[in-house]
Amino acid sequence: MIRIGIEDPGSSRILDPLRARGLRPVGVPVDAAGLDVPALHRLDVPAVLVTPAHQYPTGVVLAPERLVALLDWARRTGGLVVEDDDDAEFRYDRDPVGCLQGLDPARVVHIGSTSKALAPGLRLGWLAVPAGLRAAAVAGKYAADLGGRCRSNWPSPSSSPPAGTTGTCAGPAGCTGSGATP
């Protein structure tokens, strides 16, 4: 069973989905500055799931020095940071926090949705996935939605897809098409 670091305290709602996919959640302490990165080093996990913009349930924001340390952890260990950006847009006490994925797209998966900002019933969400994980993410999405189509994440139908991709997801084998189909 593959171990994955999760924030402690953190959302208990993520435990069952992680376990159902063969992962073993391991708690990483959270304090007033966010995830305790030195504690993460001691756990020897290949990945960590974090909510850096607004940690649940504490509400703490990952401190800038911890953010740098977390990305450094990922670079030095080859680890993967999974960034759950569940409600960063609902901050009124300070400027919005930028996403980690923009700082290191090769080592950070960014998860987002419109469920709180727009409507949960739409089930509209996204993943910004490192290129090396894109095929596995597409296959997983296809399997989870019983074959539902998904759109690769480039800016518009008229623009070119990222290198190594082609278009809309038509099955577990990957993406096919021009990118014009939503």
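**Figure 1. Lining of the second largest cavity in the predicted model.** In this predicted model, the second largest cavity is lined by Glu7, Gly34, Leu35, Val50, Thr51, Pro52, Gln55, Val60 and Leu62. The volume of this cavity is about 30 Å³. Sorted by class, its lining comprises 5 nonpolar, 3 polar and 1 charged residues.

**Figure 2. Surroundings of the largest cavity.** The largest cavity holds about 50 Å³ of space. Its lining consists of 10 residues, and those nearest the centre are Ala53, Glu83, Val97, Gly98 and Cys99. By class, 7 of the lining residues are nonpolar, 1 is polar and 2 are charged.

**Figure 3. Contacts of Leu70.** Which residues are in contact with Leu70 when neighbours within four places in sequence are left aside? They are Leu35, Val37, Leu40, Val48, Val50, Leu62, Val81 and Leu100.

**Figure 4. The salt bridge between Asp72 and Arg76 within helix α3.** Asp72 and Arg76 form a salt bridge in which the closest N and O atoms are 2.7 Å apart. The two residues are separated by about one helical turn, because they stand 4 residues apart in helix α3. Asp72 is classed as partly exposed, at 28% relative accessibility. Arg76 has a relative accessible area of 57% and is therefore exposed. In general, side chains of opposite charge can pair when their charged atoms come close.

**Figure 5. The salt-bridge network of Arg75, Asp104 and Arg107.** A network of salt bridges links Arg75, Asp104 and Arg107. The side chains of Asp104 and Arg75 meet with an N to O distance of 3.2 Å. This pair ties together parts that are 29 residues apart in sequence, because Asp104 lies in the loop between β5 (80–85) and β6 (108–113) whereas Arg75 belongs to helix α3. In the other salt bridge shown, the side chains of Arg107 and Asp104 meet at 3.5 Å, N to O. Is Asp104 buried or exposed? Asp104 is buried, with a relative accessible area of 6%. Its two partners are partly exposed: Arg75 has a relative accessible area of 41%, and Arg107 has one of 28%. The total count of salt bridges in the model is 4.

**Figure 6. Ile14 in the loop between β1 and α1.** Ile14 is located in the loop that runs between β1 (2–8) and α1 (15–20). With a relative accessible area of 28%, Ile14 is partly exposed. Ile14 and Leu49 are 35 residues apart in sequence, and their C-alpha atoms are 9.7 Å apart in space.

**Figure 7. Ala39 in helix α2.** Ala39 is found in helix α2, and its relative accessible area of 7% places it among buried residues. From C-alpha to C-alpha, Ala39 and Pro29 are 7.1 Å apart, with a sequence separation of 10 residues.

**Figure 8. The chain as the setting for the close-up views.** The chain has 4 helices and 9 strands. Along the sequence these elements follow the pattern β-α-β-β-α-β-α-β-β-β-α-β-β. The chain comprises 182 residues, of which 36% count as buried. Of the contacts in the chain with a separation of 6 or more, 54% are between residues 24 or more positions apart.

Definitions and conventions:
Residues numbered from 1 in each chain as written. Predicted model: local features only at pLDDT ≥ 70, side-chain atom pairs only at ≥ 80, totals over all residues. Heavy atoms only, no water. 1 Å grid on protein atoms, 1.4 Å probe; cavity = no way out; pocket = protein on both sides within 12 Å on 5 of 7 lines; lining within 4 Å. Points joined across faces, edges and corners; volume = space filled by probe spheres on them. Nonpolar A, V, L, I, M, F, W, Y, C, P; charged D, E, K, R; others polar. Contact = heavy atoms within 4.5 Å. Buried < 20%, exposed > 50% of the residue type's maximum accessible area, 1.4 Å probe, protein only.
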